[in-house]
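The exercises below ask you to read a sequence and a structure side by side. Try each task on your own before you turn to the worked solution.

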Amino acid sequence: MTPLAIATRDLTRRFGDFTAVDRVSLAVEAGTVMGLLGPNGAGKTTLIRLLLGLLTPTAGEGQVLGHDLVREPEAIRRKCGYMSQRFSLYGDLTVAENLTFFGQVYGLTGPALAERREELLAWAGLGDLRHTPAGQLPGGLRQRLAFACAILHRPALLFLDEPTAGVDPVSRRRFWDRIYSLADQGTTVLVTTHYLEEAEYCDRVGILLSGRLVATGTPADLRREYGEGGGLDRVFLNLAQGRGERVPGSGE
Ligand SMILES: Nc1ncnc2c1ncn2[C@@H]1O[C@H](COP(=O)(O)OP(=O)(O)O)[C@@H](O)[C@H]1O
Ligand SMILES: [Mg+2]
């Protein structure tokens, strides 16, 4: 059996009376690209923050890379990469300086850091821009740099929170190629999106509506089960309408 990179049972997080993540039981096998699809406010970011041990669950439990969310958050964070929804880059530092900074945070130093930085500059196609302040990069390149910073320490599990939001379709496609090159090397990826077409690129997809994980499976499984002969857009509409939900894109 493939080991599980993520395993939760009834994971729940409330803010006051409001339940942002509601009894989520999720299993993600190592080496998988798992997409989490849901409209704004569905609870995607809250779920990631729970999985990284940045937020304490109100109820339920979970393990990430074999570590308990509540008892071993530091071990989890050391082994995971996180590209947050709001990029955490330093705008006044150059491209190369950002990589150096994030490498040092994860304990890389000297030649090992320099080597890894060069490797990622080439991988991200940012070599010629190494001396450009990150704040001056256009959106698509900034996002590539944030991605490179999140994988500097070769995390076993990578969380990408809406990494392609606001990026043009061509850059989005290339970004997915990079996600796949990483997955081919054995990294597990959990990526959130509200672009329905991106869910098609994932090995498995979970659909999150109002904090509830209402369906999981391969894109083909989901189409078969909920799609009535249509694509994932149809799957999503059926699941959302069945729950009286607003459909993504209709009110943003
Ligand atoms: N710290 C917080 N305090 C109160 N409500 C929050 C907090 N964080 C998130 N929420 C609420 O939880 C819901 C889910 O938010 P979020 O996880 O950011 O959704 P998504 O990432 O899918 O857009 C939203 O209604 C949001 O307002
Ligand atoms: Mg979010």
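**Exercise 1.** In which loop is arginine 154 found?

*Solution.* The model you are looking at is predicted, so local features are considered only at a pLDDT of at least 70 and side-chain atom pairs only at pLDDT 80 or more, while totals for chains, interfaces and linings use all residues. Residues are numbered from 1 along each chain as its sequence is written, and chains are lettered from A and ligands numbered from 1 in the order in which they are written. Helices (H or I, at least four residues) and strands (E, at least two) are DSSP runs, numbered from the N terminus. With this numbering, arginine 154 is located in the loop between helix 5 and strand 8. Most residues other than glycine have a negative phi.

**Exercise 2.** Decide whether arginine 154, glutamate 228, alanine 122 and phenylalanine 236 are buried, partly exposed or exposed.

*Solution.* Begin with the rule: a residue is buried if 20 or more other C-beta atoms lie within 10 Å of its own, exposed if 12 or fewer, and partly exposed in between, with C-beta atoms placed from the backbone.

- Arginine 154 counts as partly exposed because it has 15 C-beta neighbours inside 10 Å.
- Glutamate 228, in the loop between helix 8 and helix 9, has 11 other C-beta atoms within 10 Å and is therefore exposed. Glutamate 228 also has a positive phi, of about 45 degrees, although it is not a glycine.
- Alanine 122, which lies in helix 4 (residues 110–123), has 10 other C-beta atoms within 10 Å, so alanine 122 is exposed.
- Phenylalanine 236, in helix 9 (residues 232–242), is buried because it has 29 C-beta neighbours inside 10 Å.

**Exercise 3.** Which residues surround ligand 1, and which element gives the largest share of the shell?

*Solution.* First collect the residues near the ligand, that is, those whose C-beta atom, placed from the backbone, lies within 6 Å of it. They are Phe15, Phe18, Ala20, Gly38, Asn40, Gly41, Ala42, Gly43, Lys44, Thr45 and Thr46. Next assign them to elements: strand 2 (18–24) and helix 1 (44–51) are the ones that give two or more residues, and the largest share, three residues, comes from helix 1. Then sort by class, where Ala, Val, Leu, Ile, Met, Phe, Trp, Tyr, Cys and Pro count as nonpolar, Asp, Glu, Lys and Arg as charged, and the others, Gly among them, as polar. The shell has four nonpolar, six polar and one charged residues. Finally, consider how covered helix 1 is: seven of its eight residues are buried, including Lys44, Thr45 and Thr46.

**Exercise 4.** Which residues touch the most other members of the largest nonpolar core?

*Solution.* A nonpolar core is a set of buried Ala, Val, Leu, Ile, Met, Phe, Trp, Tyr and Cys residues joined through C-beta atoms within 7 Å. The largest one holds 66 residues, of which Leu145, Ala148, Cys149, Leu158 and Val189 touch the most other members. Helix 5 gives the most to this core, with seven residues. In soluble globular proteins, nonpolar side chains tend to be buried together.
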